[in-house]
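Subject: Handing over a structure, with notes

Dear colleague,

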Amino acid sequence: MQSTLNRLRERWNALPRTTRIAAIGGAVGLLLLFVALGFWASTPTYTTLYTGLSPADSAAVVQALKEQNIPVRTSGGGSVIEVPQEYAETARLELASKGLPKTGAPGYARLEKTPFGMTQSMEQNTLRIALEEELQNTIQHLEPVESARVHITPGNDSPFADSRTEPTASVVVSLKPNTMLTREQVRGIVHLVSHSVEGLKSENVTVVDSEARPLWQGGDQYAVDNELIRTRREAERAYADELRRQLQQHLDRVLGPGKSSVMVQAELDLDKEEVQAQRVEPLDPNRAAVISETTETERLSGNPPAAGGAAGIAGNRAENPLYPAAPLGGGGVGEYNREDRIRNYEINKQVEHIIRAPGRIERLSVATLVDESVSDEALTAVRNWLETTVGVAPNAPNRMVTVQRVKFDASQAEQVAKEQAARDAARRQELLWRLLPVLLLLIITIFLARVIGKQIRRPAPQPQVVAALPSGGTLAMSAEGVGPAGAITDGSEHAIDAVIDEDGVMLVKEVGPGGTVIVRKRRGGSVIEEELAERIRERTQPELVEIQRFADNKPEHIAALLRNWIKS
């Protein structure tokens, strides 16, 4: 294995620099091609889900698909919705359950396809149908409305009063599950229809739901009562929800999340009451103020007049009294006294004018469930706090507070937490798998960049001359290396130098006839290098070579010679 790697490295180093750079660039390009092919193969095949949608429908469809974690892309200015082919059926079912898309009728677009030779009656009918479709398209964009139908009966603008009729309209709305139209929304629909048709009054508009329950019947009393009841229910629900939210926030802050549950029910009085009271206290003459006084006094002394008035009521009127005649033959003295006094006092009274605004609480009940882990002291404190907040008092029986301790079931919350954790883990794993090819490509690019950088920055090795033949000495070389004979001659057929670089590779440089330069590389330790070194030594140091050969052939003589030298 090591020798194979060495041979590959020798061949790689023997290549020119341009060839090596080109090979590295080709490998990187091939890797990028494989990565691009992998991304292309993993890209899902998209199919068209809807076309020709309005911007509002496109936005609603894209939002609903993103909530279901379904990949989606748009084209054609948002009018075309595309999803992966494997999600197409699921996406259609999910959108159908939510009433999407709200693809409306043609409306005024049908006027662009009017046939030639249309009569006036056909034109009026086409305009009426287009107006109905435009109104129902507008009503369908309300949040609680799933679909709507509008029917308009045009009036008869006759010059004769007996034949003149007013236009009317009927609206049928189909609501989404668990939704309802508020009073303001119903009134807005009525105003929209009445102001879209010339001469149409609000009392001539009828709005019903999909179950034929009237939501607006002009100005009849039933519709008004139904509207008042709905308004009261909405106000009670809004008040109870707001109070429950505030109480639940405080309990979560004190007991901890998931330790309590609050339910609030309220009944409100939405009647506007106006009270006018007038109270008169007994009169005290000593303290009363006199505002006017009239006194009349009348006296008569002496004889009465000679004639008397007529008998009856007319003669006794106070404004013109006629006195009776005196008895005949008498000469006595007559006397008449009359005194009238009228005194007017200031009236002692109190007048109250009270207007009570709607929204008074008629009945309020708060029911609270607390987990069994809550202590008795905390339970008592919670009960006292709720009674004080709600305003429970002995003289207020219409306000009640109930606090009970039960064992909460946390399995559903744990299941929801596990599902959320699983979704998060799946999302992270999907993101990791998407980023893995990019990370691998980045690592490989950095590695290749470092290798190429080292090769570019690496200085050229300075060869070290190991041995050189004297001028005129030659060594016969073959194409495969040193010739089999390897004899040194006195000719000048080849001039040869041998060097070893820093990696331990021997470079053999030959200069042949005609100035031809041949460079060969040989790894140190091979038989060829040993033979070449041996022959270089034979030429430069013949005595040493002869001594070495004599020691190899007759070592006992060398040993004896060394002993003699040591003894002497």
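Does A212 count as buried or exposed? At 60% relative accessibility, A212 counts as exposed, where exposed means over 50% relative accessible area, buried under 20% and partly exposed in between, computed with a 1.4 Å probe on protein chains only.

Before going further, please note that this is a predicted model, in which local features need pLDDT of at least 70 and side-chain atom pairs count only at pLDDT 80 or more, while totals for chains, interfaces and linings use all residues. Residues are numbered from 1 along each chain as its sequence is written, and side-chain values use heavy atoms, with hydrogens and water left out.

The chain as a whole

The chain holds 12 helices and 22 strands; these are DSSP runs numbered from the N terminus, with helices being H or I of at least four residues and strands being E of at least two. Of the 568 residues in the chain, 23% are buried.

An open sheet of three strands has the order β1-β3-β2, and its pairing is antiparallel; two strands are said to pair if DSSP finds at least two bridges between them. The edge strands are β1 (46-50) and β2 (73-75), each of which pairs on one side only. From one strand to the next, the twist averages 40 degrees, with axes taken as lines fitted to C-alpha atoms (for helices over the stretch in contact) and angles running from 0 to 180 degrees between N-to-C directions.

Strand β2 is joined to strand β3 (residues 80-84) by three bridges, and the two run antiparallel; R73 has E82 in β3 as its bridge partner. Helix α3 (residues 55-67) lies across β1, β2 and β3, and runs at about 15 degrees to β3. Helix α4 (residues 88-97) also packs on the sheet, where it touches β1 and β3, and its direction makes about 20 degrees with that of β1.

In the loop between α3 and β2 you will find N69, whose phi is near 60 degrees, a positive value in a residue other than glycine. N69 is exposed, with a relative accessible area of 52%.

Strand β5 (residues 168-175) and β6 run parallel and are joined by five bridges, and V171 has V207 in β6 as its bridge partner. Together, β5, helix α6 (residues 183-196) and β6 make a right-handed β-α-β unit; right-handed here means that, with the strands pointing away from the viewer, the path from the first strand over the helix to the second runs clockwise. Strand β6 is mostly covered, since four of its five residues are buried.

Strand β6 (residues 205-209) is also joined to strand β7 (residues 214-217), this time by three bridges and in an antiparallel way. Across this pair, V208 stands opposite P214, and T206 stands opposite Q217. The hairpin of β6 and β7 has four residues between the strands, and A212, which is found in that loop, has a positive phi of about 65 degrees although it is not a glycine.

Helix α8

An α-helix has 3.6 residues a turn, so residues three or four places apart point the same way. Just after α8, G391 takes a positive phi of about 95 degrees.

With kind regards

Terms used:
Contact means heavy atoms within 4.5 Å.
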